Structures are given as C-alpha cells and as structure tokens.
Amino acid sequence: LTRILDHYADDCELFSVPRREGEPRHDAPLSGHVALGRQWSRLLSAEPDLRLELIAVFRGARSVAILYRAVHRNVTRLDYFEFNAEGLICRGLTLDE
C-alpha cells in the first residue's frame, strides 16, 4: 500500500467510478493520502485476485492516460492522471466503458 501511495501527492484529488456493481457514484473526489489509502486498502482486501491487463498508454503534458482491462471483472477502464512539479499524481480521473 505504501508503494502505491508513494506515487501520489499528499493533496491529490481522484474522481472514480464505483468499483462494484450497485455502489453509488460519488461526485466528490477522494482527497488526500488518508482517503486514498482507505480506498486502496478496501479495494485490495475485496479483490485479492485483482489482475489488470495493460492495453495502451497515452502521454501528455504533465499527464498520462492508461487504458487497461480489469481481467477479474472483464471491464475496460481508462485512468487519467496529472502530475505536479515534483512528478507526483495530483489529480486523477477513472472512466468506465
């Protein structure tokens, strides 16, 4: 979990789609390491067979978009990340198909 969080700025904001069928959508972002750590912890606990297959990576100015398939759920997603001056993720957005 620490290795994941090391890629994010302390004041990061992430907008995400529900990870499980029936979860409500949230318009408010996950903000900061504490909220992000809780989310990752829940995800990793609930999905021990988590497996992601990389499809494509798109690079932009201080940003990257990663297209992947969540193999264990057979869902394709795109994660978009913006980086701060220190090279840490400061903003992110997950898009579902």
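**Reading salt bridges and strands**

A: Start with Arg-69, which is partly exposed at a relative accessible area of 23%. Buried means under 20% relative accessible area, exposed over 50%, and partly exposed in between (1.4 Å probe, protein chains only). This is a predicted model: local features need pLDDT of at least 70, side-chain atom pairs count only at pLDDT 80 or more, and totals for chains, interfaces and linings use all residues. Residues are numbered from 1 along each chain as its sequence is written, and side-chain values use heavy atoms, with hydrogens and water left out.

Q: How many salt bridges does the structure hold?

A: The criterion is a side-chain nitrogen of Lys or Arg within 4 Å of a carboxyl oxygen of Asp or Glu. The structure holds three. In one of them, Glu-53 pairs with Arg-69, with the closest N and O atoms 3.6 Å apart. Glu-53 sits in strand E3 and Arg-69 in strand E4, 16 residues apart. Strands are DSSP runs (E, at least two residues), numbered from the N terminus.

Q: Is Arg-77 buried or exposed?

A: Arg-77 is buried, with a relative accessible area of 6%. Its side chain meets that of Asp-96 in a salt bridge (2.8 Å, N to O).

Q: Which residue is the bridge partner of Glu-13 in E6?

A: Two strands pair if DSSP finds at least two bridges between them. E1 and E6 run parallel, joined by four bridges. Arg-91 is the partner of Glu-13. Glu-13 also forms a salt bridge with Arg-91, at 2.9 Å between the closest N and O atoms. Glu-13 lies in E1 and Arg-91 in E6, so the pair ties together parts 78 residues apart in sequence.
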